[in-house]
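Biologist: I'm new to this one, and I'd like to learn how to read it. Could you walk me through a few features?

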Amino acid sequence: MLNPEESLVHASLVALGAIAGSWLRFKTINYYSRIWSRRYWGTLIVNFSSSFLLGFILAFHSDWNDSQVFSSLVPLLLVGFLGSLSTFSTFIFELLEIIHLKRFKEFGLLLVSSVFGGLIIAIAGYRLGYK
């Protein structure tokens, strides 16, 4: 349990990370929506990037478990930055939009590639960071 001072520091770190992560998500999705006709490619890129970084950072957690530096990085990077960079609500919205347009093959491909691809990429990040 965090004391009030630690709690305020952690909340501030989460907020700072969230500002940076949501800004980067916004810029990335808008950039790729100009390149590709389907907006979800940008969402897929930010979600895959977040998955990779999550795995990579967590690989260090096993080595830095008691580190004060790592305990500050968790709220800043994992909760704040990666939490707001990845976007589950946008992903769900885009899936619903594809269903509404009756593009069922595209729906299945996006769903499977996002979920399994994200997991595979997180594992790759973990393995790369753990070595």
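This is a predicted model: local features need pLDDT of at least 70, side-chain atom pairs count only at pLDDT 80 or more; totals for chains, interfaces and linings use all residues.

Modeller: Residues are numbered from 1 along each chain as its sequence is written, and side-chain values use heavy atoms, leaving out hydrogens and water.

Biologist: Which helix gives the largest share of the nonpolar patch?

Modeller: Helix 4, with four residues. Helices are DSSP runs (H or I, at least four residues; strands are E, at least two), numbered from the N terminus. Ile99 sits in helix 4 and is partly exposed, at 32% relative accessible area. The scale goes like this: buried is under 20%, exposed is over 50%, and partly exposed is in between (1.4 Å probe, protein chains only).

Biologist: And what about Lys102: where is it found?

Modeller: Lys102 is in the loop between helix 4 (88-100) and helix 5. It is exposed because its relative accessible area is 62%. Its phi is positive, about 60°, although Lys102 is not a glycine.

Biologist: How many aromatic pairs does the count come to?

Modeller: First the rule: rings of Phe, Tyr and Trp (its six-membered ring) pair if their centres lie within 6.5 Å, with planes under 30 degrees apart called stacked, over 60 edge-to-face, and the rest tilted. That gives seven aromatic pairs. Take Tyr32 and Trp36: their ring centres are 5.1 Å apart and the planes are at 15°, so they are stacked. Phe52 and Phe56 are stacked too, because their centres are 6.1 Å apart and their planes at 20°. Those two phenylalanines both belong to helix 2 (residues 40-61), four residues apart, or about one turn of the helix.

Biologist: Which residues do ring pairs link into a cluster?

Modeller: Tyr31, Tyr32, Trp36, Tyr40 and Trp41. Within that group, Tyr32 is partly exposed at 24% relative accessibility, and Trp36 is partly exposed at 35%.

Biologist: Now Ser84: is it buried or exposed?

Modeller: Buried, with a relative accessible area of 12%. Ser84 is part of helix 3 (residues 68-85). For its neighbours, contact means heavy atoms within 4.5 Å. Leaving aside residues up to four places away in sequence, Ser84 touches Gly17, Ala18, Gly21, Ser22, Arg25 and Val79. Gly17 is 67 residues from Ser84 in sequence, yet their C-alpha atoms are 7.9 Å apart in space. The Ser84 side chain also reaches the backbone nitrogen of Ser22 at 3.1 Å.

Biologist: What does Ser114 touch?

Modeller: Setting aside residues up to four places away in sequence, Ser114 touches Leu44, Phe48 and Phe91. Ser114 lies in helix 5 (residues 104-130) and is buried, at 14% relative accessible area.

How values were computed. A polar contact is a pair of N or O atoms within 3.5 Å; within protein, one must be able to donate a hydrogen and the other to accept it, and residues adjacent in sequence count only if both atoms are side-chain atoms.
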